[in-house]
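Please take a walk through the structure shown below. Keep the sequence at hand as you read.

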Amino acid sequence: MISSILPALADRDTKERLAAVSRLHDHLTAHGLDDGSNESNTIDALTTLVQDNNFKVSHTALACLELVIEQLDGRFRSYMNLVLGVLVERLGDNKTVVRAKALDVLNTMVRVLSPATCLDKLIPLLLSLIHI
């Protein structure tokens, strides 16, 4: 099922992307990830959508990412570097709901992977933002 949603996530039309990411969220909530074969593609697509200019697309992609992190549990560690950078970017978003959801995702990541693991990667990213 996820494999049928993934192509629509890259659609040029914002309404189509929003509809697709909403379908993905519904699917993840109801069924979780189908199997390991879509894991990487799903995370890649969500990482791209988190950076979307439309805040509804970005917010829903963050909600999906949070579900994926919870479902993958410790296996998410291999994707942490890919996701952490876009999360840090969204912590500075203009929309409060996007910032709050990015913080929720970060909290979920810390809970699932351990604070030490996440902070080791997070602190250099945050310091680079303030040019220390």
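Thr42 is found in helix 3, which spans residues 39-50. This is a predicted model. Is Thr42 buried or exposed? Its relative accessibility is 0%, so Thr42 counts as buried, since the cut-off for buried is under 20%. Which residues does Thr42 touch, leaving aside those up to four places away in sequence? They are Ile2, Leu6, Leu24, Leu33 and Val68. Two of these names come back in the next contact: Leu24 lies in helix 2 and Val68 in helix 4.

Now turn to the helix packing. Two packed helices are described by the angle between their axes and the distance between the axes. Take helix 2 (residues 14-31) and helix 4 (residues 55-72). Their axes are 9 Å apart, and the packing angle is about 25°. Angles under 35 degrees count as roughly parallel. Helix 2 and helix 4 are therefore roughly parallel to each other. The crossing of helix 2 past helix 4 is left-handed.

Which residues make this contact? Helix 2 brings Thr14, Leu18, Val21, Ser22, Leu24, His25, Leu28 and Thr29. Helix 4 answers with Lys56, Val57, Thr60, Ala61, Ala63, Cys64, Leu67, Val68 and Gln71. By class, the contact of helix 2 with helix 4 holds 10 nonpolar, 6 polar and 1 charged residues.

Helix 4 also packs against helix 6 (residues 96-113). The axes of helix 4 and helix 6 come within 9 Å and cross at roughly 10°. Helix 4 and helix 6 are therefore roughly parallel to each other as well. From helix 4, the contact uses Phe55, Ser58, His59, Leu62, Ala63, Leu65, Glu66, Ile69 and Glu70. From helix 6 come Val97, Val98, Lys101, Ala102, Asp104, Val105, Thr108, Met109, Arg111 and Val112. How do the residues of this contact of helix 4 with helix 6 divide by class? There are 11 nonpolar, 3 polar and 5 charged. Ala63 of helix 4 takes part in both the contact with helix 2 and the contact with helix 6.

Last, the aromatic rings. The structure holds 1 aromatic pair. Phe76 and Tyr79 form it. A pair of aromatic rings is described by the distance of the centres and the angle of the planes. For Phe76 and Tyr79, the centres are 6.2 Å apart and the planes are at 40°. The pair is tilted. Are its members buried or exposed? Phe76 has a relative accessible area of 0%, so Phe76 is buried. Tyr79 is at 14% relative accessibility, and therefore also counts as buried.

Key
Residues numbered from 1 in each chain as written. Predicted model: local features only at pLDDT ≥ 70, side-chain atom pairs only at ≥ 80, totals over all residues. Heavy atoms only, no water. Axes fitted to C-alpha atoms, helices over the stretch in contact; angles between N-to-C directions. Helix = DSSP H or I, 4+ residues; strand = E, 2+ residues; numbered from the N terminus. Parallel < 35°, antiparallel > 145°, perpendicular 65-115°, else oblique. Left-handed = near helix turned anticlockwise from the far one by under 90°. Contact = heavy atoms within 4.5 Å. Nonpolar A, V, L, I, M, F, W, Y, C, P; charged D, E, K, R; others polar. Phe/Tyr/Trp six-rings, centres within 6.5 Å; stacked < 30°, edge-to-face > 60°. Buried < 20%, exposed > 50% of the residue type's maximum accessible area, 1.4 Å probe, protein only.
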